[in-house]
Amino acid sequence: MGFQAFLDIAVVALRFLLPVYAVVIIYQCFASMRRHRRPEKPLVTLELKGTSQLIPVLFWENSIGRSKGSDICVEDPTVSRDHCVLLRRQEGWMVSDIGSKSGTFVNGKRTKDRTQVLIDDEITVGSTTFVLKRGDEFQDEIRPSWFFSKASNKGSLQQYKLMLLITFFHLFMTVEACFTNDVQDFTPFIVFVGLEALLWMFFFVSTVVLRRINFELEALASFLTGIGIILLVRQEMRSAYVQMISAAIGMILFCIIVKFIENPDRVNNWRMAIMIGAVGLLVINLVFGSVQHGAQNWIQIGPISVQPSEFVKIAYIFVGAAALDKLQTKRNFLEFIVFSAICVGALAIMGDFGTALIFFTTFLLIAFMRSGDFKTVLLALVSVAFAGFMILNIKPYIAQRFASWGHVWEYAQDATYQQARTLTYIASGGLCGVGVGNGYLKYIFASESDLVFGILSEEMGVIVSFAVAISLVALAFYARAITTRSRSTFYSISACCAAGLMIIQSSLNIFGATDLLPLTGVTLPFISAGGSSMISCWGLLAFIKAADERTYAAKRLKPHREK
């Protein structure tokens, strides 16, 4: 058997190997996230004065009140439903009243603002008095280790081994890209070397320099980012390089955001400035933006095109989560409602209705988390339905998309040309795909962005594309799971909203390309080509990272145990 025949067999074998390999990597990422958890031991305890009853305090921020939804429920009619919050900050444990009728007292002295509480201090709410007692306050200070010991990593891969798995997956994709349609071209290896150098540098900085305990979230994002970049090498090499540079910027932004929101109190101080900055970006877009593909959402800076709305997503999550924080006032939430209206309205004026829909759906999520009332959500839906009716009458091309929705084969040569080709080539890819670079959907307009789920399915198979989609859904479930263990309400809310935004965006991309929803022209997180989108996705991931209790475990807090 000649060398060429051997290569042909190897490339075919890779087509069947990669789907199984992708499932293994995604499973290992989430298995590691699930297993590397802080034991839920009490940080401190509250002793009910006059009894021996101890109430464990498990979280960094704990609501105290008569409501059953409170973290610490007090069955006392003199206690308000939402009475006060016991929280941990850099300075130590503090208590803050949140507008209760009977007030909150520390050692007999009434307090409204945050008041520091030391061990053996008394906290009185209504007719109930608690005494703060020691717990395992420092049990979450795990010794940072970039490789993890076998004892602490039982049942899941060590972090550097997970990165090696991802590197070899990207290598096998690159090998496929080098042998496409009987053409041998080794230039994709240049992209591969640059990509892996970037990913391993990021791994080193995160685990060794920044001393982060865990790397699973970043590993998953690196895996998806690499898939998107390597898919581009046989479409447009320049786009692959742009995407790689954007990923590097996104990783830097990721580190900056995690560091910036390290102190929850800093969040509220910067909320208004970030809100004003986001509105300023939208105004600049409205004034100087150029129209591309029907939407005025691009700003041209020399040879570079930027979408400001992608960066506003980060600001939107930041402001929304800050407005929802338990310690914020109703006035602040009204500010967020106005901010939301400005964002959605500006995007509608630009003609970027896909992004406007993402913002609005995220607003519904935040509104429901704020009120817990389906009536609030229903009112907002009725309002947007009326706005949608007006848009369909004002924008004929939007109405045409809705008219052809669900009739992909009837308009296959006209309105649904892209979706028809996407469905055809997804079917031709089968379970294992035709190989990286061997697809034909890449010749259809927007295949690397709006239709990227189709090209992923065609070239790598339905198994890989479904695994990618499921990983994004699992990311949302993971964000929800870690909310009860986060250091602050801000982290919990921002993680849920960031994950929710990415799920909404993914759904619009996947279902739009396959005609299950009207095509809206939004990107698939981490996979689609688009520098602004890539940067934004890494920025949103930072909120989920910050919500993970282990993120700050390497940082030793000052002990406040002495009175």
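Here is a friendly chat about helix packing and cavities in this predicted model.

Trainee: What should I know about the numbering and the cut-offs?
Mentor: Residues are numbered from 1 along each chain as its sequence is written, and side-chain values use heavy atoms, with hydrogens and water left out. In this predicted model, local features need pLDDT of at least 70 and side-chain atom pairs count only at pLDDT 80 or more, while totals for chains, interfaces and linings use all residues.

Trainee: How are α2 and α4 oriented, roughly parallel or roughly perpendicular?
Mentor: Helices here are DSSP runs (H or I, at least four residues), numbered from the N terminus. Helix α2 (residues 159-178) packs on helix α4 (residues 216-232) with axes 10 Å apart and an angle of about 10 degrees; axes are lines fitted to C-alpha atoms over the stretch in contact, and angles run from 0 to 180 degrees between N-to-C directions. Angles under 35 degrees count as roughly parallel, and those over 145 as roughly antiparallel. So α2 and α4 are roughly parallel.

Trainee: How is α4 oriented to α5, roughly parallel or roughly antiparallel?
Mentor: The axes of α4 and α5 lie 8 Å apart, at an angle of about 165 degrees. That angle makes the two helices roughly antiparallel.

Trainee: Which helix gives the largest share of the lining of the largest cavity?
Mentor: A cavity is a set of points on a 1 Å grid over the protein atoms alone where a 1.4 Å probe fits but cannot get out, and lining residues have an atom within 4 Å of a point. The largest cavity has a volume of about 50 Å³, and its lining includes F254, C255 and V258. With three residues, the largest share comes from helix α5 (residues 237-260).

Trainee: And which helix gives the largest share for the second largest cavity?
Mentor: The second largest cavity holds about 30 Å³ of space. G228, L231 and L232 are among its lining residues. The largest share, three residues, comes from α4.

How values were computed
Angles under 35 degrees count as roughly parallel, over 145 as roughly antiparallel, 65 to 115 as roughly perpendicular and the rest as oblique. On a 1 Å grid over the protein atoms alone, a cavity is a set of points where a 1.4 Å probe fits but cannot get out, and a pocket is an open set with protein on both sides within 12 Å along at least five of seven lines; lining residues have an atom within 4 Å of a point. Grid points are joined across faces, edges and corners, and a volume is the space filled by probe spheres set on the points.
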